[in-house]
Amino acid sequence: MVLTSRGKGAPAGLLSVERIAVSSEGNCHTGRTGLLLQGAGPGPRQTQVLKDLDAPFREVPSEGLHGARDSVQPQRLGRPTGSRGDPEDLLTDRRRGSSSLPKPRDGCTSELVVPRTTPPPRRTSRQRATKRAQAARGSLLHVPYGDRERERLDIYFPEDESEALPFFVFFHGGYWQSGSKDSSAFMVSPLTAQGVAVVVVSYDIAPKGTLDQMVDQVTQSIAFVQKRYPCNEGIYLCGHSAGAHLAAMMLLANWTKHGATPNLKGFFLVSGIYDLEPIMHIPENEALLMTLEDAQRNSPQRCLEVALTQPVDAACPVLVIVGQHDSPEYHRQSREFYQALRRGGWKASFEELDDLDHFEIIWNLTQKDYVLTQMILKTIFQES
């Protein structure tokens with residue numbers, strides 16, 4: 001990761017991070033996937049939050065790292081926290097057998113320079129899986145659930161199409177500033193093959209959309225699914241990163257103004273952010289324009305702690321999931337949110353998935369035998 005300058009108004013020790021992924025062979029990959037690091041100073045609030053801008057990675061040759069030293073300001077490269085880039089990239093590097101960047105030792109940093117260029121787009125397995133799903137016969141694309149341009153969702157049905165199906169509703173990540181339903185249907189095939197309908201939702205991202213609007217749009221989209229398919233056998237919400245935050249906000253949503261109370265039967269919260277106050281102090285908040293009041297009002301952790309009621313059935317399972325190689329802040333927030341759920345009487349469980357980083361943990365849903373795919377199916381079909 002490349003540590004860059006503090007955001008405007010950030011406390012000392014809070015740094016923006018551009019992620020560098022280093023493979024086991026020492027190859028380096030970079031993308032628009034950096035974030036914040038608060039590493040200095042004592043206390044429990046030392047945090048490291050990994051930005052989730054879902055962009056492809058590119059290989060950076062060693063001359064690209066060292067040869068641009070005269071053209072850009074040097075930045076410190078710290079030890080990667082398990083963020084290894086796209087798995088396909090790493091497989092390609094192993095076949096090459098190259099070794100352009102030595103792995104830093106634990107606890108030490110290297111002075112390296114990374115050119116600030118945007119990696120070229122690249123077709124990946126998840127993008128191909130999404131395109132296959134969109135081309136399938138049993139798909140309804142760009143269905144409006146509201147009047148705004150991005151208030152659209154895609155619905156993917158199993159071969160035996162029916163309204164009396166379990167519905168898996170997915171909210172993409174992207175730090176509330178990137179991502180779309182149009183690139184997020186990669187889990188469709190393994191789920192529809194088992195008789196689960198999949199809904200992938202778009203919402204207004206920053207700077208056009210505010211957090212309050214995003215939460216309201218997600219609420220509206222779920223109510224729309226319930227009203228359109230009232231005979232469903234359960235609606236199961238899943239979100240990744242920022243999408244997990246939005247899904248978690250549905251635990252205590254007020255459904256009255258939307259005219260339907262959804263048949264919510266489960267939550268899958270993957271590598272989520274549940275306490276938004278640290279986000280206020282990084283440059284990415286310039287697009288969100290989040291105030292302290294906004295952060296508190298839209299933090300699932302805080303909402304749970306002050307909630308007087310539980311509109312969702314407390315017996316509804318809530319799976320809080322994090323990858324082994326997610327950053328420490330994702331681990332902290334996930335574990336604390338799980339603990340808050342348990343204190344509130346929710347049927348919550350916590351899962352740390354081995355040898356997965358912030359991106360692999362969700363991208364691997366393309367695979368039918370992937371552990372998270374199986375967890376989702378077992379929860380939906382109540383298998384032991």
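Residues are numbered from 1 along each chain as its sequence is written, and side-chain values use heavy atoms, with hydrogens and water left out. Because the model is predicted, local features need pLDDT of at least 70 and side-chain atom pairs count only at pLDDT 80 or more, whereas totals for chains, interfaces and linings use all residues.

**Exercise 1. Determine how many helices and strands the protein has, and what share of its residues is buried.**

Step 1. Helices (H or I, at least four residues) and strands (E, at least two) are taken as DSSP runs, numbered from the N terminus. The protein has 12 helices and 17 strands.

Step 2. Buried denotes under 20% relative accessible area, exposed over 50%, and partly exposed in between (1.4 Å probe, protein chains only). Of the 384 residues, 58% count as buried.

**Exercise 2. Identify the residues joined by a cis peptide bond with omega of about 5°, and locate Pro 207.**

Step 1. Most peptide bonds are trans.

Step 2. The cis bond joins Ala 206 and Pro 207. Pro 207 is placed in the loop between strand E13 (197-201) and helix H5 (211-228).

**Exercise 3. Describe the burial of strand E16 (residues 317-323) and its pairing with strands E15 and E17.**

Step 1. Seven of the seven residues of E16 are buried. In a regular strand the side chains alternate between the two faces of the sheet. Pro 317, Leu 319, Ile 321 and Gly 323 point one way from E16, while Val 318, Val 320 and Val 322 point the other way.

Step 2. Two strands pair if DSSP finds at least two bridges between them. E16 pairs in the parallel sense with E15 (residues 264-270) over four bridges; Val 320 of E16 is the bridge partner of Leu 269.

Step 3. Seven bridges join E16 to E17 (residues 347-353), and these strands run parallel. Here Val 320 stands opposite Phe 350 in E17.
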